[in-house]
Amino acid sequence: MFIGHLPAGYLFAKSPVVARASRTVFWGVLLGSVVPDLDMLWFYLVDQGSTHHHDYLTHRPILWAAVLLIGALFKAGFLIGLGAGGLLHLALDSIAGKVTWGWPFSEVSMTLVTVQATHDHWIKSFLSHWTFKVELALVAIALIVFVRSNFKGRSE
């Protein structure tokens with residue numbers, strides 16, 4: 001997933017279940033929906049791309065489940081949101097990217113859809129795949145929700 005994580009996190013944070021929680025949960029979900037991909041800095045700047053970034057700890061569901069559990073135990077809304085957002089990120093990555101959901105008990109990684117190499121560069125193949133249209137739809141829906149929730153009543 002290239003551009004869909006933050007819009008999906010926003011839509012999740014605006015959902016009725018999360019929206020009833022505090023603003024700290026809202027901001028935790030938003031941050032959690034993108035923070036697993038901060039490992040791309042390590043991937044490019046330090047690791048020189050030798051290990052796929054989905055193999056880093058930041059892309060292990062157990063980490064985000066632990067953050068969520070710790071948040072629930074200590075009633076820390078931000079950590080609850082952060083963990084939930086991180087798990088959402090990994091669920092979205094599982095559509096077309098391999099995520100090792102059973103780690104540390106299993107090294108089996110799974111993906112729902114395989115994006116075939118249809119172009120000379122892998123990014124072009126992803127951008128032309130139907131899953132990218134889902135990402136564009138997420139962006140459009142999130143924009144609509146954002147505009148409606150922030151400008152509702154101003155024109156009246």
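Good morning. Two residues are in contact here when they have heavy atoms within 4.5 Å of each other. With that in mind, I turn to the structure, which is a predicted model. Among contacts in the protein with a separation of 6 or more, 52% are made by residues 24 or more positions apart.

Let me begin with the overall architecture. The protein contains eight helices and zero strands. Read from the N terminus on, the elements run α-α-α-α-α-α-α-α. The C-alpha trace spans about 50 × 40 × 30 Å along its principal axes. Of the 156 residues, 35% count as buried.

The largest nonpolar core has eight residues, namely Tyr-10, Ala-13, Val-18, Val-25, Phe-26, Val-29, Leu-30 and Ala-142. Both helix 1 and helix 3, the latter covering 23–34, supply at least two residues of this core. Helix 3 gives the largest share, with four residues. There is also a second, separate core of six residues, and Val-35, Val-67, Leu-90 and Val-99 are among them.

Leaving aside neighbours within four places in sequence, Phe-26 is in contact with Tyr-10, Ala-13 and Lys-14. Phe-26 also belongs to one aromatic cluster together with Tyr-10, Trp-27 and Phe-146. Over the face of the Phe-26 ring lies Arg-23, at 4.6 Å from the ring centre.

Lys-14 counts as partly exposed, because its relative accessibility is 33%. Not counting residues up to four places away in sequence, Lys-14 touches Ala-19, Phe-26, Val-145 and Ser-149. The C-alpha atom of Lys-14 is separated by 32 Å from that of Lys-124, and the two residues are 110 apart along the chain.

The next topic is helix 8. Helix 8 comprises residues 130–151, which makes 22 residues. From its first C-alpha to its last it reaches 32 Å, close to the 32 Å expected at 1.5 Å a residue. Which residues of helix 8 are buried? They are Thr-131, Phe-132, Glu-135, Leu-138 and Ala-142. Seen down the helix axis, the buried residues of helix 8 fall within an arc of 105°, and therefore they line one face of the helix. The buried residues of helix 8 pack against helix 1, helix 6 (77–96) and helix 7. On the face turned away from this buried side, helix 8 carries the exposed residues Lys-133, Leu-143 and Arg-148.

I now move to the aromatic pairs. The count comes to seven aromatic pairs. For Phe-2 and Phe-126, the ring centres are 5.6 Å apart and the planes stand at 85°; the pair is edge-to-face because that angle is over 60 degrees. This pair links distant parts of the chain, for Phe-2 is in the segment before helix 1 (5–13) and Phe-126 is in helix 7 (residues 122–128), 124 residues apart. Phe-2 itself is partly exposed, with a relative accessible area of 35%.

A further pair is formed by Phe-43 and Tyr-44, whose ring centres are 4.8 Å apart and whose planes are at 80°, so this pair is edge-to-face.

Finally, two details of the backbone. Pro-104 lies in the loop between helix 6 and helix 7. Lys-75 has a phi near 50°, a positive value in a residue other than glycine. Lys-75 is placed in the loop between helix 5 (61–73) and helix 6. At 74% relative accessibility, Lys-75 counts as exposed.

Thank you for your attention.

Note on methods:
Residues are numbered from 1 along each chain as its sequence is written. This is a predicted model: local features need pLDDT of at least 70, side-chain atom pairs count only at pLDDT 80 or more; totals for chains, interfaces and linings use all residues. Side-chain values use heavy atoms; hydrogens and water are left out. Rings of Phe, Tyr and Trp (its six-membered ring) pair if their centres lie within 6.5 Å; planes under 30 degrees apart count as stacked, over 60 as edge-to-face and the rest as tilted. Buried means under 20% relative accessible area, exposed over 50%, partly exposed in between (1.4 Å probe, protein chains only). A charge sits over a ring if NZ of Lys or CZ of Arg is within 6 Å of the ring centre and within 35 degrees of the ring normal. The expected span of a helix is 1.5 Å times one less than its number of residues. The arc is that of the directions from the helix axis to the C-beta atoms. A nonpolar core is a set of buried Ala, Val, Leu, Ile, Met, Phe, Trp, Tyr and Cys residues joined through side-chain atoms within 4.5 Å.
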